[in-house]
Amino acid sequence: MIPPAAYIDDSRTLERAVERLAREPRIACDTESNSMHAYRGTTCLIQVSTPAEDLLIDPLAIADISALGAILADPAIEKVFHAAEYDLICLKRDFDFDVLTIFDTMAAARVCGYQRVGLGNMLEDLLGVRHSKKHQTADWGQRPLPESARRYAQIDTHYLLALRAALYNELRAASRLEEAREYIADMTRFELKSQEFDPEGFWQLIRPNSLNRGQTAVLRELYILRDELAKSLDHPPPRLISNKTLLQLVKRQPRSVKQLYAIRGLPAWLVRQSGDEIIEAVRHGASSRLPVTRPAPEPIPPPIVERYIALHSWRREMAKSRGVESDVIISRRALWDIARRNPASVADLGNICGLGPWRRNTYGADLVAIVKGCN
C-alpha cells in the first residue's frame with residue numbers, strides 16, 4: 001500500500017520540500033487544472049514524486065510558489081512527465097515557469113512503437129499497475145479535495161520514474177535514445193496562445209459549403225453570445241452549449257423561447273435564464289446584411305503540393321516499416337517546410353522545425369532524393 005502523499009498548502013512547507021527536491025537527479029511531475037469547469041481554466045494542483053515521497057502542491061492556497069520554478073528550470077534535474085505539452089503550457093501560462101530537461105514517457109513510448117500510450121495503459125502494460133481514470137474530468141478547483149481525488153493525483157506521478165526507467169532501457173537496447181530525445185524536444189515545444197476570445201473562431205465549426213450565407217451569420221451571432229454567457233457564468237463555452245447544439249440552432253432557427261426547449265443538448269435552465277438572448281441572436285443573424293465570408297486560404301503552388309504528397313507517401317511507408325505512427329518519423333509541418341524549401345542537398349535541410357540533427361542524418365538523403373524526383 002502506497003503511503004498518502006504529503007499535501008503542501010503553505011509556503012514554508014513548500015520551501016522545505018524544494019530543498020529536498022534540489023538534491024534529486026530526476027523528479028516526476030504532473031498538473032491538474034479545472035479547464036472543464038471554468039471559463040478560463042487554471043492550474044489547481046501540481047504533483048511531484050521522487051523515489052522517497054509524493055507531493056501534492058496546492059497553488060490555490062500558496063500565494064507564491066516561485067521556489068518550485070527554480071527546480072523546474074534547473075537543467076541538472078530531469079523532469080519526467082507523461083504527455084507533457086499541456087502541463088508545460090499551464091505552468092508557463094499560470095506561473096511563468098520554464099521547464100528544462102524533460103523526459104516525456106508518452107513520447108518515449110511512441111518511439112518504442114507502443115499503440116496504447118495513455119498513462120493507464122502504460123502503467124498496466126509495463127508495470128502491471130491498474131490506474132482508474134474516473135477523476136480525469138474532476139473539478140480540481142474544489143476545496144477541500146476529496147481523498148479519492150488526492151489518491152488519483154498521487155498515482156499520476158508515483159509510478160512515473162519506474163515507467164521512465166523501463167522505457168529508457170528499451171530505447172537504449174534498440175539504439176533509439178537519440179531519436180527519442182529529439183522527438184521529445186519536438187513534442188514539448190509549444191507557443192503560448194492568446195486566451196482572448198476570437199469572434200471569427202466560428203469558422204472552425206463549419207465544414208466547407210455546409211451552411212449558406214444567412215446560416216453562417218446566425219452561427220456567428222450565437223458563437224459570440226455563447227462566449228458572453230459562458231464568461232458571465234464562469235463555464236467553459238463548449239460545455240455550456242456544445243458545437244453540435246449551436247449548429248442545430250442554426251439549422252432550425254427557432255423563433256420563440258418555447259421552441260428552444262425542443263433543441264437537443266440545450267439545457268432547460270439556460271433556456272429559462274437566457275432564452276430571450278438566444279432568440280434575439282438568431283433573429284439578428286438571420287436579418288443581418290453584413291458580409292460573412294470564409295477567409296480564403298492562400299493557394300499552394302502545385303509543385304509544392306506534388307513534393308509534399310511524395311514526402312507524405314515516403315513517411316507512411318517508413319512508419320510502417322518501423323512499426324510506429326507517422327508523426328514519429330517526421331511531422332506534417334516539417335514535410336510542408338521541406339516541400340516549400342525544395343532542398344538540393346542535405347545541407348539545405350538546416351533550421352527546419354521538427355527536423356533535428358538525428359532526423360537529418362538518418363533521413364536527409366532520402367528526403368532530398370524524393371524532392372529531386374519531383375522536379
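Modeller: What follows concerns a predicted model, and we can begin with the pockets.

Biologist: What is the volume of the largest pocket?

Modeller: The largest pocket has a volume of about 920 Å³. Its lining comprises 26 residues, and those closest to its centre are Tyr39, Arg40, Ser194, Gln195 and Glu196.

Biologist: Which elements give two or more residues to that lining?

Modeller: Those are helix H3 (84–95), helix H9 (213–233) and helix H10 (237–240).

Biologist: And how many of the lining residues are charged?

Modeller: The lining of the largest pocket has 8 charged residues, along with 11 nonpolar and 7 polar.

Biologist: How much space lies in the second largest pocket?

Modeller: The second largest pocket holds about 520 Å³. It is lined by 24 residues, with Asp30, Thr31, Glu32, Gln136 and Tyr152 nearest its centre.

Biologist: Which element gives the most to the lining there?

Modeller: Strand E2 (26–33) gives the most, with 5 residues. H3, helix H5 (119–127) and helix H6 (147–158) each supply at least two. By type, the lining of the second largest pocket has 11 nonpolar, 8 polar and 5 charged residues.

Biologist: Turning to the cysteines, how many disulfides are there in the whole structure?

Modeller: A search of the whole structure finds 0 disulfides. For Cys29, the nearest cysteine sulfur is that of Cys90, 14 Å away.

Biologist: Is Cys29 buried or exposed?

Modeller: Cys29 counts as buried because its relative accessibility is 3%, and the cut-off for buried is under 20%. Cys374 also counts as buried, at 18% relative accessibility.

Notes:
Residues numbered from 1 in each chain as written. Predicted model: local features only at pLDDT ≥ 70, side-chain atom pairs only at ≥ 80, totals over all residues. Heavy atoms only, no water. 1 Å grid on protein atoms, 1.4 Å probe; cavity = no way out; pocket = protein on both sides within 12 Å on 5 of 7 lines; lining within 4 Å. Points joined across faces, edges and corners; volume = space filled by probe spheres on them. Helix = DSSP H or I, 4+ residues; strand = E, 2+ residues; numbered from the N terminus. Nonpolar A, V, L, I, M, F, W, Y, C, P; charged D, E, K, R; others polar. Disulfide = S-S within 2.5 Å. Buried < 20%, exposed > 50% of the residue type's maximum accessible area, 1.4 Å probe, protein only.
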